[in-house]
Amino acid sequence: ILALANLHNIDAEVFEFEGKVSKINQNGFVYFTIRNEEGRESKYYWLTYVDSEIDIDNNFESLSGKIVLVKYRILEIFDPKINEYRNINVLVSLNL
């Protein structure tokens, strides 16, 4: 919980890019697979409030195939499946 609280730390670095939503998964948490301009796909997790011009709570499934502007932070989490820490991308904002 402390790690999630730190996501809103204004000193934490926020990264930004434009990409295409290629997949939306709802496995425990919602995460978007987004392809950047270089063609690389990465996952972006929706763990906390996401700032958005759209009604993301009710319309996130409609973003599949759309070009979006993504802002995210990197969060280090413990992954019990691999028994070590790893980084995940956590959404801060998502807009068309």
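**The fold**

A closed barrel of five strands runs in the order β1-β2-β3-β5-β4, with mixed pairing. On average, neighbouring strands of this sheet are turned by 50 degrees against each other, direction ignored. Such angles are taken between axes, which are lines fitted to C-alpha atoms, and run from 0 to 180 degrees between N-to-C directions. The model is predicted, so that local features need pLDDT of at least 70 and side-chain atom pairs count only at pLDDT 80 or more, while totals for chains, interfaces and linings use all residues. Residues are numbered from 1 along each chain as its sequence is written, and side-chain values use heavy atoms, with hydrogens and water left out.

**Exercise 1.** State how many helices and strands the protein has, and give their order.

*Solution.* Step 1: helices (H or I, at least four residues) and strands (E, at least two) are DSSP runs, numbered from the N terminus. Step 2: the protein has two helices and five strands. Step 3: from the N terminus on, the order is α-β-β-β-α-β-β.

**Exercise 2.** Describe how strand β4 pairs with β1 and with β5.

*Solution.* Step 1: two strands pair if DSSP finds at least two bridges between them. Step 2: β1 (residues 15-27) and β4 (residues 67-79) are antiparallel partners over six bridges; K20 has I67 in β4 as its bridge partner. Step 3: β4 also pairs with β5 (residues 84-95), in the antiparallel sense and over eleven bridges. In β5, N87 is the bridge partner of E76, and N89 is that of I74. Step 4: the hairpin of β4 and β5 has four residues between the strands, and N83 takes a positive phi near 55 degrees there.

**Exercise 3.** Find how many salt bridges the structure holds, and describe the residues that form them.

*Solution.* Step 1: a salt bridge is a side-chain nitrogen of Lys or Arg within 4 Å of a carboxyl oxygen of Asp or Glu. Step 2: a search of the whole structure finds three. Step 3: E16 and K71 form one, with the closest N and O atoms 3.9 Å apart. This pair links distant parts of the chain, since E16 is in strand β1 and K71 in strand β4, 55 residues apart. K71 is partly exposed, at 31% relative accessibility. Step 4: R35 and E41 meet through their side chains at 2.8 Å, N to O. R35 counts as partly exposed because its relative accessibility is 37%, and E41 likewise at 36%. Step 5: the side chains of R86 and D79 meet at 2.7 Å, N to O. R86 is partly exposed, with 32% relative accessible area, whereas D79 is buried at 11%.

Key:
Buried < 20%, exposed > 50% of the residue type's maximum accessible area, 1.4 Å probe, protein only.
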